[in-house]
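Welcome to this structure, and thanks for taking a look with me. Please open it beside these notes and follow the points in order.

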Amino acid sequence: MAALLEADDVVKHFPVKRSLGEIATGRHPAVHAVDGISFAIESGESVGLLGESGCGKTTTGRLLLRLAVPTAGTIRFDGQDIGTLAGDDLATFRRRAQLVFQNPFEALNPRFTVLRAIAEPLVNAGVPRADHQARVVEAMRRVNLADVDQHLDKYPHQMSGGQLQRVVLARALVLEPIFLVADEPVSMLDVSVRAGILNLMRDVRQAMGLTAVYISHDLALVRYVCDRTLVMYLGKVVEDGPTEEVIRLPQHPYTQALVKAVPVPHVDQSHEPLPIKGNVPDAKNPPSGCRFRDRCPHAMARCASEEPPLREVAPRRRVACHLLAA
Ligand SMILES: Nc1ncnc2c1ncn2[C@@H]1O[C@H](COP(=O)(O)OP(=O)(O)O)[C@@H](O)[C@H]1O
Ligand SMILES: [Mg+2]
């Protein structure tokens with residue numbers, strides 16, 4: 001199958017304010033949010049980006065949608081380098097690739113009705129006004145906001161969290177995209193409505209043939225909705241494979257720790273965010289060699305001196321760990 005999206009050695013550093021010492025020594029400190037990640041996503045795939053807070057998931061999602069510009073590396077969408085898109089090509093990309101916001105309570109303007117909120121992307125894309133209502137109703141139908149007439153004129157404060165997340169999803173779908181990035185799509189919702197929203201997203205994705213990236217700190221979420229999972233640690237992809245295999249037979253010591261902490265992940269249970277010992281190191285000063293070595297029970301001398309590349313260890317299975325180097 002053809003890749004819809006290809007990330008090639010993508011880096012995103014955020015410069016930070018220099019201290020006097022850093023000015024004196026000519027150093028330019030930066031947060032290494034994303035530090036050289038490569039992967040391809042096939043058309044129709046549902047891919048999870050899993051990792052603890054601060055490991056670069058949101059930044060990766062924003063880069064894939066060209067909401068942020070990489071410091072280095074390229075991202076191709078449907079064969080085109082998205083960094084070079086302009087004019088009509090950029091407008092087309094903006095229609096085809098959409099973000100589902102994390103927090104429905106923040107994503108929606110409290111002064112906009114449902115109709116106006118869902119129609120806003122149509123306005124921005126220059127769709128003729130006469131078509132708006134029909135397109136909005138169609139998007140609402142897709143997200144099972146039954147009884148459309150009853151909802152069109154409502155304001156966010158008149159709706160439940162689950163209904164609001166349906167509105168947010170309808171807004172992302174109204175331009176009929178082919179690619180969605182959903183950043184922690186249910187983390188702000190009550191656990192009792194999470195499975196319903198995830199089922200809906202899965203049904204919509206299948207019905208529309210969408211390719212999707214789900215960003216989450218929750219193993220249960222990726223297990224529920226993602227065919228494949230990329231595990232991130234401090235700006236790097238450390239493991240990549242079919243979700244069930246990654247959970248059943250994790251290869252990277254970091255993934256092993258995550259899975260051990262949550263042996264039977266369920267979306268309708270509350271979890272601590274990835275309970276593993278120690279802290280993620282400072283993204284301004286990532287450790288030499290393997291970034292996980294400080295927390296790794298198997299660390300060897302080589303792990304401090306040499307960075308383990310993300311290597312294919314089996315078909316469709318990639319891991320970045322010296323332990324697995326034959
Ligand atoms: N606009 C920004 N400016 C400076 N640092 C940022 C910015 N956005 C994210 N970061 C930093 O980049 C790192 C990765 O952040 P993020 O991509 O939000 O991680 P995640 O979504 O996995 O929690 C963090 O250390 C975060 O503080
Ligand atoms: Mg995030």
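Predicted model: local features only at pLDDT ≥ 70, side-chain atom pairs only at ≥ 80, totals over all residues.

1. Let's begin with the largest pocket, which has a volume of about 450 Å³. It is lined by 18 residues, and those closest to its centre are Arg94, Ala97, Gln98, Pro121 and Leu175. At least two lining residues come from each of helix H3 (87-96), strand S6 (97-100), helix H5 (114-124) and helix H8 (161-173).

2. Is alanine 117 buried or exposed? Its relative accessible area is 5%, so alanine 117 is buried. Setting aside residues up to four places away in sequence, alanine 117 touches Leu108, Phe112 and Arg171. Its C-alpha atom is separated by 9.3 Å from that of tyrosine 155, which is 38 residues apart from it along the chain.

3. Arg171 turns up again in a salt bridge: its side chain meets that of glutamate 120, at 2.7 Å from N to O. This pair links distant parts of the chain, with glutamate 120 in helix H5 and arginine 171 in helix H8, 51 residues apart. Glutamate 120 is partly exposed, at a relative accessible area of 28%.

4. The largest nonpolar core has 63 residues, and the members that touch the most others are Val100, Ile118, Met140, Leu169, Leu173, Leu180 and Tyr214. Another core lies apart from it, with 29 residues, among them Leu49, Leu64, Leu85 and Val237. Neighbours within four places in sequence aside, the contacts of leucine 180 include Gln98, Val100, Leu169, Leu173 and Val213.

5. How many salt bridges are there? The count comes to 19. In one of them, glutamate 239 meets arginine 317 at 2.8 Å, N to O. Glutamate 239 belongs to strand S10 (residues 236-242) and arginine 317 to strand S12 (residues 317-319), so the pair ties together parts 78 residues apart in sequence. Glutamate 239 is buried at 0% relative accessibility, and arginine 317 is buried at 4%.

6. Strands S12 and S10 are also joined by arginine 318 and aspartate 240, whose closest N and O atoms are 3.0 Å apart. Arginine 318 counts as buried at 17%, as does aspartate 240 at 4%. Both belong to a network of salt bridges that links Glu45, Arg228, Asp240, Arg316 and Arg318.

Definitions and conventions:
Residues numbered from 1 in each chain as written. Chains lettered and ligands numbered in written order. Heavy atoms only, no water. 1 Å grid on protein atoms, 1.4 Å probe; cavity = no way out; pocket = protein on both sides within 12 Å on 5 of 7 lines; lining within 4 Å. Points joined across faces, edges and corners; volume = space filled by probe spheres on them. Helix = DSSP H or I, 4+ residues; strand = E, 2+ residues; numbered from the N terminus. Buried < 20%, exposed > 50% of the residue type's maximum accessible area, 1.4 Å probe, protein only. Contact = heavy atoms within 4.5 Å. Core = buried A, V, L, I, M, F, W, Y, C linked by side-chain atoms within 4.5 Å. Salt bridge = Lys/Arg side-chain N within 4 Å of Asp/Glu carboxyl O.
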